[in-house]
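Me: I have a structure open and would like to go through it with you. Could we start with the charged pairs and then turn to the core?

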Amino acid sequence: MKKIVLTGGPCSGKTTLIRALEKYSFPVVHETARDVLNSYAHLPANTTKYEDIQKDIFAAQLTRENDVFSSARDTCFLDRSLIDIVAYSNKFNVSMPCALRQIDLSKRYDAVFFLERLPFQKDSCRIESDDIEAEKIHNSLWHTYSKYFSPILVPRLSVGARIDFIMEYIQKMKGGEIDGRMLRAK
């Protein structure tokens with residue numbers, strides 16, 4: 001099984017891309033951080049509280065990843081990964097969850113696709129307030145992922161063209177079809 005991470009800064013199209021891949025019946029892990037953040041009545045004004053939030057995100061992400069990894073037989077796609085927790089812990093200057101330090105992140109995933117950003121859109125769950133802050137997060141994520149992988153940069157393209165781009169790369173990794181499916185986005 002290939003474990004493929006789709007990541008990038010805020011407003012890079014990760015969720016849209018994951019949903020499109022799910023329509024092809026690939027196992028996916030949806031963005032955990034957004035679900036955890038939505039479970040809070042409000043985001044804390046004091047960033048020291050983000051250490052607890054990062055622990056909650058870590059626990060939920062690890063569970064989701066392990067569930068998919070244990071049940072999937074073919075390629076699966078993740079909307080972000082445990083490495084994002086490293087980057088966001090650094091951003092908020094809080095300690096990473098201790099259990100995260102025990103995981104060899106450089107061997108946990110098979111490839112990382114880093115999506116170029118699209119225009120910034122504010123929503124009720126975003127922790128970044130504007131495009132400048134979103135760009136800083138994007139760059140921080142690139143720097144953090146680069147410590148573990150050589151991320152493959154996915155340019156600004158239509159969803160279908162992004163799927164084609166990713167599938168062509170994965171086909172090269174596997175030497176042919178992807179789990180018996182030749183995909184061409186419509």
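**Salt bridges and core**

Reply: In this predicted model, the side chains of R117 and E135 form a salt bridge, with an N to O distance of 2.8 Å. R117 is in the loop between strand 4 and helix 6, whereas E135 is in helix 6, so the bridge ties together parts that lie 18 residues apart in sequence.

Me: Are R117 and E135 buried or partly exposed?

Reply: R117 counts as buried, because its relative accessibility of 6% is under the 20% cut-off, while E135 is partly exposed, with a relative accessible area of 33%.

Me: OK, and how many salt bridges does the structure hold?

Reply: There are eight salt bridges in the structure. One of them joins the side chains of R64 and D35 at 2.6 Å, N to O, and this pair links distant parts of the chain, since R64 belongs to helix 3 and D35 to helix 2, 29 residues apart.

Me: How accessible are R64 and D35?

Reply: R64 counts as partly exposed at 29% relative accessibility, and D35 also counts as partly exposed, at 38%.

Me: What does E65 pair with?

Reply: The side chain of E65 meets that of R108 in a salt bridge of 2.7 Å, N to O. E65 lies in helix 3 and R108 in helix 5, which covers residues 105–108, so this bridge ties together parts that are 43 residues apart in sequence. E65 is buried, with a relative accessible area of 0%, and R108 counts as buried too, at 14% relative accessibility.

Me: Which residues are linked in a network of salt bridges?

Reply: That network of salt bridges links E31, R34, R80 and D84.

Me: Switching to the core now. Which residues have the most contacts inside the largest nonpolar core?

Reply: They are L82, L100, Y109 and L141, in a core that has 32 residues. The elements that each supply at least two residues of this core include helix 2 (32–39), helix 3 (50–71), helix 4 (82–91) and helix 6 (131–146), along with strand 3 (76–79) and strand 4 (111–115).

Me: And what does L82 touch?

Reply: Leaving aside residues up to four places away in sequence, L82 touches F58, Q61, L62, E65, L100, I103, L105, R108 and Y109. That list includes E65 and R108, the two residues whose side chains meet in the 2.7 Å salt bridge.

Methods. Residues numbered from 1 in each chain as written. Predicted model: local features only at pLDDT ≥ 70, side-chain atom pairs only at ≥ 80, totals over all residues. Heavy atoms only, no water. Core = buried A, V, L, I, M, F, W, Y, C linked by side-chain atoms within 4.5 Å. Buried < 20%, exposed > 50% of the residue type's maximum accessible area, 1.4 Å probe, protein only. Helix = DSSP H or I, 4+ residues; strand = E, 2+ residues; numbered from the N terminus. Contact = heavy atoms within 4.5 Å. Salt bridge = Lys/Arg side-chain N within 4 Å of Asp/Glu carboxyl O.
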